[in-house]
Amino acid sequence: MIKRPLIALLAGAREAQDATVWLAQTKADCVAIRARGSAKIPLDMTEAAQVPRDVQGILDVTHSFDEQTRQAALLRAPDASYACVPRDVWAAQKGDHWTEVDTLEQAVSALPLGARVFAATGRDSLSALHRHDGPVFLRQLSQHSDATGYDNCTFVFGAAPFAVSDEIALLQKLRIDVVLARNIGGEGSFPKLAAARALGLPAVLLRPPVRPEGARLRSAKDVADWVDAL
C-alpha cells in the first residue's frame, strides 16, 4: 500500500477554502490549523491545534503578515516541505498617493506631522502607532471593550464586507488626513484605499514580509504536483 503523505494546511486567508478543495483531490491526508484571530472560514477538513511533528508538507494559506503562525509551524516540523498559496499585493493606480515601507517604525516616521491617521495594521501595532504625534484611529474587526492604553489612539470598530461609500463616509467623519495599512492584497480589504483615492488622501502601506523559500501554488494542478513530489 502506498503511504499517503500528511499535509498541514495553515488556514487564515480566504484562499484556504480553495486550498481545501484542491487538497481533497490529491492522495494526501490533511489536517488544518487555523491561524489565531482569523475569520471562521468553513473548512471541510479535520482540524488540529498545532502542526503534527510528522507532517511531510506545510501548505501556508495564512495572511501574508501572519509570521507567528508560519514560524510556529516551521518550528514544529522543520523538515517538512513548505509551500504557500500567495495573494498578489495591491499596486498603485492613477489617483493613488502611496508611500511604501518595510516596518511599522518606518511607517510612523512617514506619517505627516500631527496628521489624523486611520490605521488598519492590527492591534499589535499600537506600541508603534502611539509614537505618532497626532490622533490615530485603529480599525478592529471584532467588537470589544478594551482600551488602547494610549491617549492618542482610539479603536474604531467595523466588520467586513466594507463598501467604498461607507469607507469614504467614515474617513470624512473622522477627518482623516492619511490612511495607514498593510498591503495584504485581495478585494475585501481594498475599499479603505479606494476611499483614500476618491478623497485625494495619501496612504502609507507596509510591504508584506518575505515568505520562506518553497513552492508558490496557484491552482489545483500546482497543489497536486507538489503533493506528488513529497
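Against which strands and which helix do the buried residues of H5 pack? In this predicted model, the buried residues of H5 pack against strand E6 (117-120), strand E7 (136-140), strand E8 (153-157), strand E9 (178-182) and H6. The buried positions of H5 are Glu-167, Leu-170 and Leu-171. These residues lie on the same side of H5, because they cover an arc of only 95° around the axis. In general, an α-helix has 3.6 residues a turn, so residues three or four places apart point the same way. The face of H5 turned away from the buried side carries Ser-165, Asp-166 and Lys-173, which are exposed.

In general, two packed helices are described by the angle between their axes and the distance between the axes. For helix H5 (residues 164-173) and helix H6 (residues 191-199), the angle is about 65° and the axes are 8 Å apart. The crossing of H5 past H6 is right-handed. On the H5 side, the contact is made by Val-164, Glu-167, Ile-168, Leu-171 and Gln-172; on the H6 side, Pro-191, Lys-192, Ala-194, Ala-195, Ala-196, Ala-198 and Leu-199 take part. Nine of the residues in this contact are nonpolar, one is polar and two are charged.

The loops on either side of H5 show local backbone features. In the loop between E8 and H5 lies Pro-161, and the peptide bond joining Ala-160 to Pro-161 is cis, with omega near 5°. Just after H5, Arg-175 takes a positive phi of about 55°, although this residue is not a glycine. Arg-175 is placed in the loop between H5 and E9 and is exposed, with a relative accessible area of 54%.

In soluble globular proteins, nonpolar side chains tend to be buried together. The largest nonpolar core has 21 residues, of which Ile-7, Leu-9, Leu-23, Leu-59, Val-61 and Trp-226 touch the most other members. At least two residues of this core are supplied by each of strand E1 (6-11), helix H1 (16-24), strand E2 (29-34), strand E3 (57-61) and helix H7 (220-228). H1 provides the largest share, four residues. Leaving aside neighbours within four places in sequence, Leu-9 is in contact with Ala-16, Ala-19, Thr-20, Leu-23, Val-31, Ala-32, Ile-33, Met-45, Leu-59 and Val-61. A second, separate core comprises 19 residues, including Leu-170, Phe-190, Leu-193 and Ala-196. Of these, Leu-170 is one of the buried residues of H5, and Ala-196 is among the residues of H6 in contact with H5.

Methods:
Residues numbered from 1 in each chain as written. Predicted model: local features only at pLDDT ≥ 70, side-chain atom pairs only at ≥ 80, totals over all residues. Heavy atoms only, no water. Axes fitted to C-alpha atoms, helices over the stretch in contact; angles between N-to-C directions. Left-handed = near helix turned anticlockwise from the far one by under 90°. Contact = heavy atoms within 4.5 Å. Nonpolar A, V, L, I, M, F, W, Y, C, P; charged D, E, K, R; others polar. Buried < 20%, exposed > 50% of the residue type's maximum accessible area, 1.4 Å probe, protein only. Arc of directions from axis to C-beta. Core = buried A, V, L, I, M, F, W, Y, C linked by side-chain atoms within 4.5 Å.
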